[in-house]
Amino acid sequence: QVQLVESGGGLVQAGGSLRLSCAASGIIFSINAMGWYRQAPGKERELVAAISSVGSTNYADSVKGRFTISRVDAKNTVYLQMNSLKPEDTAVYYCSARGTTGWGKSFDSWGQGTQVTVTS
């Protein structure tokens, strides 16, 4: 079983920055895609950013140029640097990871979520 633990959320004023981290633990052979999603009250969960095993990235149009996703495979960790934050970025942010366990089984895991609140 692969678990993801997020950290770094909080309260920030508009225009500020936050950095989210998500570390995967367990018997992991490899991690393919890693990503960040968010869900605002009354809205569906949406993809914010994703990164492949070779470093290819994909961003939601609403965060392009402001957010940067990165990963450190040696730490099984994915980061989301969020700059120029806006009130509409307020949401619970979830990380996700897909890969293969050390037992040879595929996994698709989610973190518990971390709250990001941006005040105007």
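1. Does Arg38 count as buried or exposed, judged by relative accessibility? Arg38 counts as buried because its relative accessibility is 5%, where buried means under 20% relative accessible area, exposed over 50% and partly exposed in between, computed with a 1.4 Å probe on protein chains only.

2. On the basis of the values, this is a predicted model, in which local features need pLDDT of at least 70 and side-chain atom pairs count only at pLDDT 80 or more, whereas totals for chains, interfaces and linings use all residues. Residues are numbered from 1 along each chain as its sequence is written, and side-chain values use heavy atoms, with hydrogens and water left out.

3. Five salt bridges are found in a search of the whole structure, a salt bridge being a side-chain nitrogen of Lys or Arg within 4 Å of a carboxyl oxygen of Asp or Glu. One of them pairs Arg38 with Glu46, with the closest N and O atoms 2.7 Å apart; Glu46 counts as partly exposed because its relative accessibility is 35%.

4. Arg38 also forms a salt bridge with Asp89, where the closest N and O atoms are 3.0 Å apart. This pair links distant parts of the chain, 51 residues apart, since Arg38 sits in strand S4 (residues 28-39) and Asp89 in the loop between strand S8 (77-82) and strand S9 (91-101); strands (E, at least two residues) and helices (H or I, at least four) are DSSP runs numbered from the N terminus. Arg38 and Asp89 are both buried. Through shared partners, salt bridges join Arg38, Glu46, Arg66 and Asp89 into one network.

5. Another salt bridge is formed by Lys64 and Asp61, their closest N and O atoms being 3.1 Å apart, and Asp61 counts as exposed at 65% relative accessibility.

6. The largest pocket has a volume of about 190 Å³ and is lined by 13 residues, with Arg38, Ala40, Lys43, Glu46 and Glu88 lying nearest its centre. A pocket is here an open set of points on a 1 Å grid over the protein atoms alone, where a 1.4 Å probe fits, with protein on both sides within 12 Å along at least five of seven lines, and lining residues have an atom within 4 Å of a point. The volume is the space filled by probe spheres set on the points, which are joined across faces, edges and corners. The lining divides into two nonpolar, three polar and eight charged residues.

7. One disulfide is found in the whole structure, defined as a pair of cysteine sulfur atoms within 2.5 Å. Cys22 and Cys95 form this disulfide, with their sulfur atoms 1.9 Å apart. Cys22 lies in strand S3 (residues 18-25) and Cys95 in strand S9, so the pair ties together parts that are 73 residues apart in sequence. The torsion about the S-S bond is about 40°, and the disulfide is therefore right-handed. Cys22 is buried at a relative accessible area of 1%, and Cys95 is buried at 0%.

How values were computed. Nonpolar A, V, L, I, M, F, W, Y, C, P; charged D, E, K, R; others polar.
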